[in-house]
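This report describes the fold and packing of one protein chain. The sequence and the structure are shown first.

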Amino acid sequence: MSYSVGQVAGFAGVTVRTLHHYDDIGLLVPGGRSHAGHRRYDETDLDRLQQILFYRELGFPLEEVAALLDDPAADPRAHLRRQHELLTARIEKLQKMAEAVEHAMEAKKMGINLTPEERFEVFGDKDPEQYAEEAEQRWGGTDAYAESQRRAAGYTKEDWKRVRAEVDDWSERYAALMDAGEGPAGEAAMDMAEEHRRHITAWYYDCPYEMHVCLGEMYVADERFKAYYDSMRPGLAAHLREAITANAARHTAA
């Protein structure tokens with residue numbers, strides 16, 4: 001069986017002009033001609049075309065492809081083995097490139113699109129992505145996490161400055177409240193816990209009381225979060241956890 005140039009072009013996903021060019025340079029000379037002189041390609045021609053397209057896909061110039069295919073010492077199995085090795089190497093390279101792109105996407109996904117200088121200006125020595133991996137592992141599939149990423153992706157440097165200023169102001173007032181001897185179940189402490197919950201809702205995701213209580217437990221159970229809050233004032237993480245629980249009970253009962 002033989003095939004016309006148009007049929008082969010359709011099989012292989014190349015243009016008729018390309019096949020004509022391969023014929024003109026002797027890279028793929030069809031095995032037959034019709035009575036009218038038109039090119040006809042047989043199965044051997046199709047095998048050679050497949051080899052050509054493999055090497056071309058791998059970036060080999062036509063001259064080198066011709067030299068490889070016309071090497072009398074090479075057999076078809078040797079070509080396939082070589083192509084398999086080359087394709088495997090290319091796949092590994094592409095996988096590494098994909099991983100690099102994924103890392104870049106992860107960095108962008110957190111929404112902290114600031115230069116190193118701007119990050120230091122806004123956050124000082126507190127890395128805004130310090131708990132990014134932890135957060136994604138815990139809540140990556142939740143609506144709250146998705147909403148947090150969506151919002152953060154649109155924040156400007158000025159927005160992050162406002163977030164940071166609110167956190168600093170809140171932490172100073174909470175530390176002062178503790179210094180004054182206010183218990184976690186006191187009105188002032190519960191109000192500060194409510195302010196904490198509303199800050200999360202305003203800037204990141206809707207934080208109902210049940211979720212806020214879970215966060216409070218994590219602030220004590222997870223050493224990293226505990227260290228963060230206790231850096232504001234020793235014992236603040238545990239105090240805040242109790243205030244969050246009391247505040248939630250107050251609003252649930254209301």
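## Overall composition

The model is predicted. The protein has 13 helices and three strands. Of its 254 residues, 34% are buried.

Among contacts with a separation of 6 or more, 60% are between residues 24 or more positions apart. The accessible surface is about 15,200 Å², and carbon and sulfur atoms account for 55% of that area.

## Helices α1 and α2

Two packed helices are described by the angle between their axes and the distance between the axes. For helix α1 (residues 5–12) and helix α2 (residues 16–24), the axes come within 9 Å and cross at roughly 110 degrees. Angles of 65 to 115 degrees count as roughly perpendicular, so α1 is roughly perpendicular to α2.

On the α1 side, the residues that meet α2 are V5, G6, V8 and A9. Their partners in α2 are V16, L19 and H20. By class, this contact has five nonpolar residues, two polar residues and no charged ones.

## Nonpolar cores

The largest nonpolar core has 22 residues. Those touching the most other members are W170, Y174, L215, Y219, Y229, L236 and L240. At least two residues of this core come from each of α9 (157–179), α10 (187–203), α11 (209–221), α12 (223–230) and α13 (236–253). Beyond its neighbours within four places in sequence, L240 is in contact with W170, Y174, A193, H196, Y219 and Y229.

## Asp230

D230 is part of helix α12. Is this residue buried or exposed? The relative accessible area of D230 is 18%, and the cut-off for buried is under 20%, so D230 is classed as buried. Leaving out residues up to four places away in sequence, D230 touches G235, L236 and A237. L236 is also listed among the core residues that touch the most other members.

## Arg82

R82 lies in helix α5 (residues 76–109). With a relative accessible area of 33%, R82 is partly exposed, because the value falls between the 20% limit for buried and the 50% limit for exposed.

Which residues does R82 touch, not counting those up to four places away in sequence? They are Y55, F60 and L68. Y55 and R82 are 27 residues apart along the chain, and their C-alpha atoms are separated by 9.9 Å.

Technical notes: Residues numbered from 1 in each chain as written. Predicted model: local features only at pLDDT ≥ 70, side-chain atom pairs only at ≥ 80, totals over all residues. Heavy atoms only, no water. Helix = DSSP H or I, 4+ residues; strand = E, 2+ residues; numbered from the N terminus. Buried < 20%, exposed > 50% of the residue type's maximum accessible area, 1.4 Å probe, protein only. Contact = heavy atoms within 4.5 Å. Areas by Shrake-Rupley, 256 points an atom, 1.4 Å probe, with all protein chains shown as cover. Axes fitted to C-alpha atoms, helices over the stretch in contact; angles between N-to-C directions. Parallel < 35°, antiparallel > 145°, perpendicular 65-115°, else oblique. Nonpolar A, V, L, I, M, F, W, Y, C, P; charged D, E, K, R; others polar. Core = buried A, V, L, I, M, F, W, Y, C linked by side-chain atoms within 4.5 Å.
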